[in-house]
Amino acid sequence: MGVVSKKDYRKKYLTRATFDNGAKGVALDMFAKTGRLTDAAMVAGVSGTTVRSHLEQDPDFAQAWEAARQEYADYVTGLIEERAFKGVDEPIIGGKFRDQV
């Protein structure tokens, strides 16, 4: 094995993924599903700081991010309403009302 130069090491291990439109689309899809910036950044192969930077600098991306945020908010709201109005079929295992079921 030879000695790896600093330049070769950087080129091989410290290359940075580009956050192009394809990666932004992947991030937006994940954010719409999870509502988590860190998950969106991870699947796009960049850091959360990179995503935040692009949100500040790219108005089109910021607008799409807001639409994805609203999509996730609507999904969560639907789940909350379903649980509130329909309830959940789970047995009461303990507590004050366990014998009244």
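**Ground rules.** Since I am working from a predicted model, local features need pLDDT of at least 70 and side-chain atom pairs count only at pLDDT 80 or more, while totals for chains, interfaces and linings use all residues. I number residues from 1 along each chain as its sequence is written, and side-chain values use heavy atoms, with hydrogens and water left out.

**Aromatic pairs.** I began with the rings of Phe, Tyr and Trp (for Trp, the six-membered ring), which pair if their centres lie within 6.5 Å; planes under 30 degrees apart count as stacked, over 60 as edge-to-face and the rest as tilted. That rule gave me 4 aromatic pairs. In one of them, Phe 31 and Trp 65, the ring centres are 3.9 Å apart and the planes stand at 20°, so I logged the pair as stacked. Phe 31 sits in helix α2 (residues 21-34) and Trp 65 in helix α5 (residues 59-86), so this pair ties together parts that are 34 residues apart in sequence. My helices are DSSP runs (H or I, at least four residues), numbered from the N terminus.

Phe 31 is buried at 7%, and Trp 65 is buried at 9%.

Next I looked at Tyr 72 and Tyr 75, whose ring centres are 6.4 Å apart with planes at 40°, so that pair is tilted. Both tyrosines belong to helix α5, 3 residues apart, about one turn of the helix. Tyr 72 is partly exposed at 25%, and Tyr 75 is partly exposed at 49%.

**Cluster and charge.** Phe 19, Phe 31, Phe 61 and Trp 65 make up one aromatic cluster. I also found Lys 24 over the face of Phe 61, 5.3 Å from the ring centre. For this I need NZ of Lys or CZ of Arg within 6 Å of the ring centre and within 35 degrees of the ring normal.

**Helix α3.** Which residues form a nonpolar patch on the surface? I noted Val 26, Met 42 and Val 43, with about 270 Å² of accessible area together. Of these, Val 43 lies in helix α3 (residues 37-44) and is partly exposed at 37% relative accessibility.

Thr 38 is also in helix α3, and at 54% relative accessibility Thr 38 counts as exposed.

How values were computed:
Patch = residues over 30% accessible without salt bridge, like charges linked within 9 Å, V, L, I, M, F, W, Y side chains within 5 Å. Areas by Shrake-Rupley, 256 points an atom, 1.4 Å probe, with all protein chains shown as cover. Salt bridge = Lys/Arg side-chain N within 4 Å of Asp/Glu carboxyl O. Helix = DSSP H or I, 4+ residues; strand = E, 2+ residues; numbered from the N terminus. Buried < 20%, exposed > 50% of the residue type's maximum accessible area, 1.4 Å probe, protein only.
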